[in-house]
Amino acid sequence: MDRILAETYPDAHCELDFRTPLELLVATILSAQCTDKRVNIVTPTLFAKYRTVEDYAGADRAEMEELIRSTGFFRAKTTSIIGMAQAVCDRYGGEIPGRLKDLVTLPGVGRKTANVVLGNAFGVPGITVDTHFQRLVRRFGWTGETDPVRIEHVVAGLIPKRDWTMMSHRLIWHGRRICHARRPACGVCPLAALCPSYGLGPVDPVQAAKLVRPGPFS
């Protein structure tokens, strides 16, 4: 199934815009309960104002809240970003750490966020268990687990480590474009012949094609 997804989405990649590990970490924190598209609208102004970890650590809360307000939960996200930056300054000399065990100690940074940063900014293989990923691996029958950490560990045993980051992108892209939560486009799914959940959505190709969402987007 992963090989088919690789052929289907040869250009799969992180859809958050970033240039540095710091920018990706901030963008990923902002992406909670928010679309990547919305985050990418907000971050150019944010990244222009705050260029270093020290800039974020010393940021004025009210100013940052206003800049990120449209991403939702902006007060909590501001707390996380400032707290993360202060912790990076205090513990890691102002450099974003490149290890999972260090990243998850930072405010607002869980395993999902840490794996996004590791896989896409540091080239360290990581599995990103977001809502799309969880939905698809259960539909595919890869695991019946519901806990994100357990899902991560099960899938890690199924897919070669070198492919973890790209496999995550492919599943997320497929979840956003075809295998939707409510009405998956089963009739045009490249995995139809292998998927135990085939038939959850319309199987007629014409009806299914209408459900396909082009990217890039949330």
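Analyst: The answers below set computed values against the definitions of the terms.

Analyst: This is a predicted model, in which local features need pLDDT of at least 70 and side-chain atom pairs count only at pLDDT 80 or more, while totals for chains, interfaces and linings use all residues. Residues are numbered from 1 along each chain as its sequence is written, and side-chain values use heavy atoms, with hydrogens and water left out.

User: Why is Q33 called exposed?

Analyst: A residue is buried under 20% relative accessible area, exposed over 50% and partly exposed in between, with a 1.4 Å probe and protein chains only. Q33 has 69% relative accessibility, and therefore counts as exposed. Q33 lies in the loop between α2 and α3, and its phi is positive, about 55°, although it is not a glycine.

User: What makes F73 exposed?

Analyst: The relative accessible area of F73 is 58%, so this residue is exposed. F73 belongs to the loop between α5 and α6; it is not a glycine, yet it has a positive phi of about 50°.

User: Is C186 buried or exposed, and how do you know?

Analyst: C186 has a relative accessible area of 8%, and is therefore buried. Its place is the loop between α11 (164–177) and α12 (205–209). Helices such as these are DSSP runs (H or I, at least four residues; strands are E, at least two), numbered from the N terminus.

User: Which residues does C186 touch?

Analyst: Contact means heavy atoms within 4.5 Å. Leaving aside residues up to four places away in sequence, C186 touches several residues, among them Y198, L200, P202 and A208. C186 and P202 are 16 residues apart in sequence, and their C-alpha atoms are 5.8 Å apart in space.

User: What is meant by a nonpolar core, and how many residues has the largest one?

Analyst: A nonpolar core is a set of buried Ala, Val, Leu, Ile, Met, Phe, Trp, Tyr and Cys residues joined through side-chain atoms within 4.5 Å. The largest has 36 residues, and V26, L46, Y56 and M84 have the most contacts inside it. The elements giving two or more residues to this core are α2 (21–30), α3 (36–49), α4 (53–57), α5 (61–68), α6 (74–92) and α8 (111–122). A second, separate core of 25 residues includes V129, V137, W142 and W173. In soluble globular proteins, nonpolar side chains tend to be buried together.

User: Which residues does V26 touch?

Analyst: Not counting residues up to four places away in sequence, V26 touches L46, F47, Y56, I81 and M84.

User: Why is α2 called oblique to α3?

Analyst: Angles run from 0 to 180 degrees between N-to-C directions, and axes are lines fitted to C-alpha atoms, for helices over the stretch in contact. Angles under 35 degrees count as roughly parallel, over 145 as roughly antiparallel, 65 to 115 as roughly perpendicular and the rest as oblique. The axes of α2 and α3 come within 10 Å and cross at roughly 135°, which makes α2 oblique to α3. The contact is made by E23, V26, A27 and L30 of α2 and V39, T43, L46 and F47 of α3.

User: What makes α9 oblique to α10?

Analyst: Helix α9 (residues 131–139) and helix α10 (residues 148–156) pack at an angle of about 55°, with axes 11 Å apart. This angle makes α9 oblique to α10. Their contact is formed by F133, Q134, V137 and R138 of α9 with P148, I151 and V155 of α10.
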